[in-house]
Amino acid sequence: MARERYLRGISEEELRPDPKPIEQPWTPKSWLENFWYHHKVGILIGGFTLIALVILIVQTATRERPDYTAVLVTENALLSEEVAYLEQVLAQYGEDVNGDGEIVVQINNLFLGGKQYANQDANAQSLQMQLITGDTLLYLYEPAYEERLTAVGRDNAHCFLTELSLSAKGMCDNKLSWNWAGHTRREQDVILVNFPKELCFGVRYAVPDDEKSAQEYAQIIKLLEAFATEQPTAQ
């Protein structure tokens, strides 16, 4: 009785459930629209990630690879333009080692001077690591820092530099480096005169049993000999 009282005035048509909608067949367009609606965030994130990866790969593949690398140890920081100029000067005495059609020298300036440099300690640690690992074999340094390269380790018994037999004037007494003091190119160049008057060039011994390191060592000796004797190999 209660049900009839509540349903009074409602027709049978109104009580019938709504028919199920007719499902439309999937089309490529509707499938894509549905897929995009549910997965657009993931697609966008994946797309941006792929683009970033492609850019990184292209930059890595096209990055300029130096033929020579060197560490420049000075008391005070040099201008980046001055360091770049020295790179260009040394490149004139080198060879296209990696065969890419260019002669490129890359120099890392580590300045170890007064306390005004916040990253002085970091530079000292970087120099130590470079010497230990042998990642860099050519070192340019002011004489005041020679001990850091020639007297390292317990009881100052370990020397990283090898004896040089260059045919140029300016060889240091211990034969571990060549000093460019009085070098014609340095004295007559309006930019190089801004560098320390005395700058030693030393070569770390090659990593034992490493053919690539041995080849790099030989190439650096040739470059240093050409520069010290003022015989440019590239115009």
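1. A quick word on terms before anything else: helices here are DSSP runs of H or I with at least four residues, strands are DSSP runs of E with at least two, and both are numbered from the N terminus. With that in hand, the chain reads α-α-α-β-α-β-α-β-α-β-α-β-α along the sequence. That comes to 8 helices and 5 strands. Keep in mind throughout that this is a predicted model.

2. Some overall figures for orientation. The protein chain has 235 residues, and 34% of them count as buried. Its accessible surface is about 15,700 Å², with 54% of that belonging to carbon and sulfur atoms. If you take the contacts with a separation of 6 or more, 65% are between residues 24 or more positions apart.

3. W31, L32, F35, W36, I43, L44, F48 and I51 make it up, and its area is about 830 Å². W31, one of these residues, sits in helix 3, which runs over residues 28–62. Is W31 buried or exposed, or something in between? It counts as partly exposed, because its relative accessibility is 46%.

4. Leaving aside residues up to four places away in sequence, L224 touches L164, L166, W178, F201 and V203. Take V203 from that set: it is 21 residues from L224 along the chain, and their C-alpha atoms are separated by 9.2 Å.

5. Now the charges. Side chains of opposite charge can pair when their charged atoms come close. How many salt bridges does the structure hold? There are 3. One of them joins the side chains of K222 and E95, at 3.0 Å from N to O. This pair ties together distant parts of the chain, 127 residues apart: K222 is in helix 8, while E95 is in the loop between helix 4 and strand 2 (105–111). K222 is partly exposed, with a relative accessible area of 48%, and E95 also falls in the partly exposed class, at 37%.

6. Another salt bridge is between R186 and E187, whose closest N and O atoms are 3.3 Å apart. R186 counts as buried because its relative accessibility is 5%. E187 is partly exposed, with a relative accessible area of 37%. There is also a salt bridge between R185 and D189, with the closest N and O atoms 3.5 Å apart. D189 counts as buried, because its relative accessibility is 8%.

7. E82 is the one I'd flag for a look. It is in helix 4, residues 80–91. E82 is buried yet makes no salt bridge. Which side chain of opposite charge is nearest to E82, and how far away is it? That would be R186, 10 Å away.

8. Last, a couple of backbone angles to check. Most residues other than glycine have a negative phi. D209 has a positive one, near 60°. This residue is in the loop between strand 5 and helix 8, and it is exposed, with a relative accessible area of 86%. E230 has a positive phi too, near 55°. You'll find E230 in the segment after helix 8. Its relative accessibility is 35%, so E230 counts as partly exposed.

Technical notes. Residues are numbered from 1 along each chain as its sequence is written. This is a predicted model: local features need pLDDT of at least 70, side-chain atom pairs count only at pLDDT 80 or more; totals for chains, interfaces and linings use all residues. Side-chain values use heavy atoms; hydrogens and water are left out. Patches are made of residues with over 30% relative accessible area and no salt bridge: like charges are joined within 9 Å, nonpolar side chains (Val, Leu, Ile, Met, Phe, Trp, Tyr) within 5 Å. Accessible areas come from the Shrake-Rupley method with a 1.4 Å probe; for residues, only the protein chains shown count as cover. A salt bridge is a side-chain nitrogen of Lys or Arg within 4 Å of a carboxyl oxygen of Asp or Glu. Buried means under 20% relative accessible area, exposed over 50%, partly exposed in between (1.4 Å probe, protein chains only). Lys and Arg count as positive and Asp and Glu as negative; His and the chain ends are not counted. Contact means heavy atoms within 4.5 Å.
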